[in-house]
Amino acid sequence: MVRHYQTHAVKVGHITIGGNAPVVVQSMTDTDTADVNKTVDQIKLLADAGSELVRVTVNTEEAAAAIPAIYEKLAQTNYNVPIVGDFHYNGHTLLTKHAGCAELLHKYRINPGNVGFGDKKDERFNMMIDAAIRYDKPVRIGVNWGSLDKELSTRLMDENAKSAQPKRAQEILHEALVLSALTSADAAVKHGLGADKIVISCKVSRVQDLVCVYKMLAERSQYALHLGLTEAGMGSKGIVASSVAMGVLLQQGIGNTIRTSLTPEPGASRDKEVIVSQQILQALEVRSFAPEVTACPGCGRTTSNFFRILTDQVDNFLRRRMVSWRTEYAGVENMKVAVMGCVVNGPGESKHANIGISLPGTGEAPSAPVFVDGEKVTVLKGENISEQYIQMIEDYVQKTYSPRDQLIAIR
């Protein structure tokens, strides 16, 4: 039985992180935040893909000054996704000088490893916490092993070297990450910020390190936790590593919000990280975001490329339509769709789906039966199978799922 760790519930705009709330998907832009139009366009792209929080870099005076214009343009087009400001080194200055930025952002991300050094560290950290208290904002205290507090890590290493039974360096690194996050969170609470205003994270880039660190965090605190490998990598490497690491933790009830930090492939859309995060949660049956497509992997029975083309067309169609379907139809994200390539498993898998098609394999009769909720309803033939099947999916949604405005009226 999965143990679900109890955490504080943190409100970020209309989104709740932690407590009994569903795991939240977030993402981050890679535009120059001072470029208002490009940043707004990318926020919309990520929100349309289903990102429930979007983080933007706030690293310069120009970026901080652009935040009000970004919010205004988003409001003009009815986008209300909460925006998180990512601060490093000079966040204390930017939040103090730019009241519009501090007041509008829904959450601040603070890295205790580079908020300040020496005598200035506590002062600058407290300045950022003061802004959070003044404007009633939650913060994420985000520790990263690439920018870990050097004073803390050096002290722990020195103490370990003097120990009669010294631990491995990796164990000390884990402890330093956790201690940095929890000490900073506790300091924020002592300064006056509520524990229900704090999310913490300890980002690393290796799977086993992430699993170990987050188990320690879950056992030693009740702060809401943000999961994700940092610098996960590109393509299948980043997807597999993120899926394995977060999957292990989520299955144990650890984690309240996630981001899949993929390196975008050249020319690839930024929203891929959102889709992967959703698929991780959906594969674990933690949440549903979009209809699932069960598709044939192909074999010697399926020498035609048509089933691959149709699968791609259906998947793209569902992603595109979910932008509006998620606001129009209740429960459509739970729909199961099948695109199968031959008679071996095709009819059976199609019957298990809400709507499924079994395409002809090599040497089979050129016909494609379509099953709706387990019953064969028609057989498609000819050159327009793709268009007909996609239209059947559209018709199924309209006939099966209740419009959300009707449900609101009933309530």
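How are H8 and H9 oriented to each other? In this predicted model, where local features need pLDDT of at least 70, side-chain atom pairs count only at pLDDT 80 or more, and totals for chains, interfaces and linings use all residues, the two helices are therefore roughly parallel to each other (angles under 35 degrees). Residues are numbered from 1 along each chain as its sequence is written, and side-chain values use heavy atoms, with hydrogens and water left out.

The axes of helix H8 (residues 207-220) and helix H9 (residues 235-251) come within 9 Å and cross at roughly 25°; axes are lines fitted to C-alpha atoms, for helices over the stretch in contact, and angles run from 0 to 180 degrees between N-to-C directions. Helices (H or I, at least four residues) and strands (E, at least two) are DSSP runs, numbered from the N terminus. Contact (heavy atoms within 4.5 Å) is made by Val207, Leu210, Val211, Tyr214 and Lys215 of H8 and by Ala241, Val244, Ala245, Val248 and Leu249 of H9.

A closed barrel of eight strands runs E3-E4-E5-E6-E7-E8-E9-E11, with parallel pairing, where two strands pair if DSSP finds at least two bridges between them. Strand E7 (residues 139-144) and strand E8 (residues 198-203) run parallel and are joined by six bridges, and glycine 142 has serine 201 in E8 as its bridge partner. Two helices that pack on the sheet are set out here.

| Helix | Strands touched | Angle between directions |
|---|---|---|
| H7 (residues 169-191) | E7 and E8 | about 165° with E8 |
| H10 (residues 272-283) | E3 (24-28) and E11 (257-258) | about 160° with E3 |

Methods: Angles under 35 degrees count as roughly parallel, over 145 as roughly antiparallel, 65 to 115 as roughly perpendicular and the rest as oblique.
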